[in-house]
Every structure is written in C-alpha cells, then in structure tokens.
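Visitor: I am new to this structure. Please pick one part and take me through it closely.

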Amino acid sequence: MSTVVIAGGHGKIALILGRLLAERGDAVRGLIRNPDQDEDLRAAGVKPVLCDLEGDGDVTAAIREADAVVFAAGAGPGSGDARKETMDKGGAVKLIEAAKAEGISRYLIVSSMGADKAPEDGAEGFGAYLRAKFEADEALRASGLDYTVVRPGGLTDDEPTGLVRIAAGTGRGQIPRADVAAVLLTCLDEPGTIGKSFDVITGDTSIPEALAAL
Ligand code: NAP
C-alpha cells in the first residue's frame, strides 16, 4: 500500500484519481483550501487535508510520509494572469520544495499540451497560462525529484476509453479527464515513466502499452 497526496484534491481529475487509488487500497490525501469540499473527498475514499497552495502557509506537514505527490491543481479558466503565476507555477513550485524538504522523491505534475516550450515574453491570457505551466515543469525537471510531466490535450468529461496517444508532441486533440487519471495511476506504478515528459490525447493504444513505449 502506498500513500499518495493529490494537490488540488477537489479537482475533477484529482477526484477520479483519488477514487481509483482508494479503491485499490492506497492511502490517499487530497489537499483542499475549502472545508466545504470535505464530504466529496471522503465519498471518494480520500482523506481531506486543508492546505492552500498559494500564500505563505507551510505545505510540508500536509505531505509528510507520503510515497508520491501528484500536482493536479490549477487556477482554473476564470482566473487572471496573476493567479497563473501564483497557482499554476507558484503552487507547483511550493509543492516541489516541500517534497524535497520531506524526502519524497516521486512527483507527478498535470501540465498542459503547449507547455513544452516557453511562450514569448509578455504573453497574456492563455500564453501566461502556458508560461506558468512550462516554468513549473522546468522547475520540476531541474529539481532532482523522480518526476513525470503529463501534458494532456483539451480535457473533456466524457467516459474514459482507455485508449491514448502518448508522445513528446502528439498534435492537437482531446482526452477525457478519467483517462488522464488512469494515465497518472499507471505512471505511479511504472518506474519507467520517471524522468519523462509527454503529451497525451485520446488514441488507439492501451495506457500501459503507450507508457511502456515511452
Ligand atoms: P479543476 O477541476 O479545475 O481543479 C483544479 C483544483 O485546483 C480545484 O479543486 C481548485 O480548488 C484547486 N486549487 C486552486 N487553487 C488552489 C490553491 N491555492 N490551493 C489548493 N488548491 C487549489 O482541474 P481539472 O479540470 O481536473 O484539470 C487539472 C489540470 O489540468 C489543471 O492544472 C489544468 O490547468 C490542466 N489542464 C486543463 C486542460 C483543459 O482543457 N481544461 C487541458 C490541459 C491541462 P478550488 O475549488 O478551491 O478552486
């Protein structure tokens, strides 16, 4: 049994992943900033832990003694450029520093298609989002942690297909959040995904097969 901490624990991908992990007997903590979300996490078998990833608060206690952390949080589409910086980048970096301080080596991040290279200086809106994601991913790759950077295409709430296309660059496409959660689950089990960064969209290869071919 492993202990996995999911940052952004009430997020759509996070709740699906939390349930998958809990169902197979792993201990799962979900980091949330709103106590009203407690019940949804408990219903998924996830232990809620209050922890705001922005600001000055300490994150280390929330992840203590975990085997792996998954950053699945995000400022969300309604947020301005400032929160891309404080959440999508700052929150991820804060969790990286906490993982290092706690000696937790395994770190998975949900990034985004298009974040494989730096957008031009001064990018705004979606460009600011991709910059924040890119810089968070770069910080993780430079951290010395056992990282995996997962860059999904456009997310949908469709039923999972279990079939994906995974590559350094897949080209544009979409993928159900449930399939992204399944990819994260398989990455946690598969040491061969350590040190890898990849795009993922719906395709025609099973998730274990696609990850094994990385
Ligand atoms: P989501 O449902 O929007 O969940 C994001 C979670 O992050 C929310 O539960 C939110 O909590 C949490 N969060 C925000 N600020 C926080 C803070 N300061 N401290 C702690 N938690 C905080 O996300 P999703 O749809 O599952 O997507 C997951 C990731 O995929 C995101 O990083 C997103 O950028 C990325 N992505 C999205 C797309 C797309 O097509 N939408 C494509 C590629 C990648 P609150 O409820 O408190 O706000």
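**From a loop to a helix face**

Guide: Gly171 is partly exposed, at a relative accessible area of 41%; buried means under 20%, exposed over 50% and partly exposed in between, using a 1.4 Å probe and protein chains only. This is a predicted model, in which local features need pLDDT of at least 70 and side-chain atom pairs count only at pLDDT 80 or more, while totals for chains, interfaces and linings use all residues. Residues are numbered from 1 along each chain as its sequence is written, and side-chain values use heavy atoms, leaving out hydrogens and water.

Gly171 sits in the loop between strand S8 (163–167) and strand S9 (174–176). Helices (H or I, at least four residues) and strands (E, at least two) are DSSP runs, numbered from the N terminus. Not counting residues up to four places away in sequence, Gly171 touches Met113 and Ile201, where contact means heavy atoms within 4.5 Å.

Now to helix H1, residues 12–23. Its 12 residues at 1.5 Å each should span 16 Å, and the end C-alpha atoms, 17 Å apart, agree with that; the expected span is 1.5 Å times one less than the number of residues. Ile13, Ala14, Leu17, Gly18, Leu21 and Ala22 are the buried residues of H1. Viewed down the axis of H1, they fall within an arc of 155°, so they line one face of the helix; the arc is taken from the directions from the helix axis to the C-beta atoms. The elements covering these buried residues include strand S1 (3–7), strand S4 (68–71), strand S5 (106–110) and H6. Just after H1, Gly25 has a positive phi of about 100°.

H6 leads on to the largest nonpolar core. Among the 34 residues of this core, Val183 and Leu184 touch the most other members; a nonpolar core is a set of buried Ala, Val, Leu, Ile, Met, Phe, Trp, Tyr and Cys residues joined through side-chain atoms within 4.5 Å. Helix H6 (residues 177–189) gives the most to this core, with 8 residues. Leaving aside neighbours within four places in sequence, Leu184 is in contact with residues including Ile13 and Leu17, both of them buried residues of H1.

Lastly, Thr148 belongs to strand S6 (residues 146–152). Thr148 counts as buried, at 0% relative accessibility. Its side chain makes a polar contact with the side chain of Arg106 (2.9 Å).

Note on methods. A polar contact is a pair of N or O atoms within 3.5 Å; within protein, one must be able to donate a hydrogen and the other to accept it, and residues adjacent in sequence count only if both atoms are side-chain atoms.
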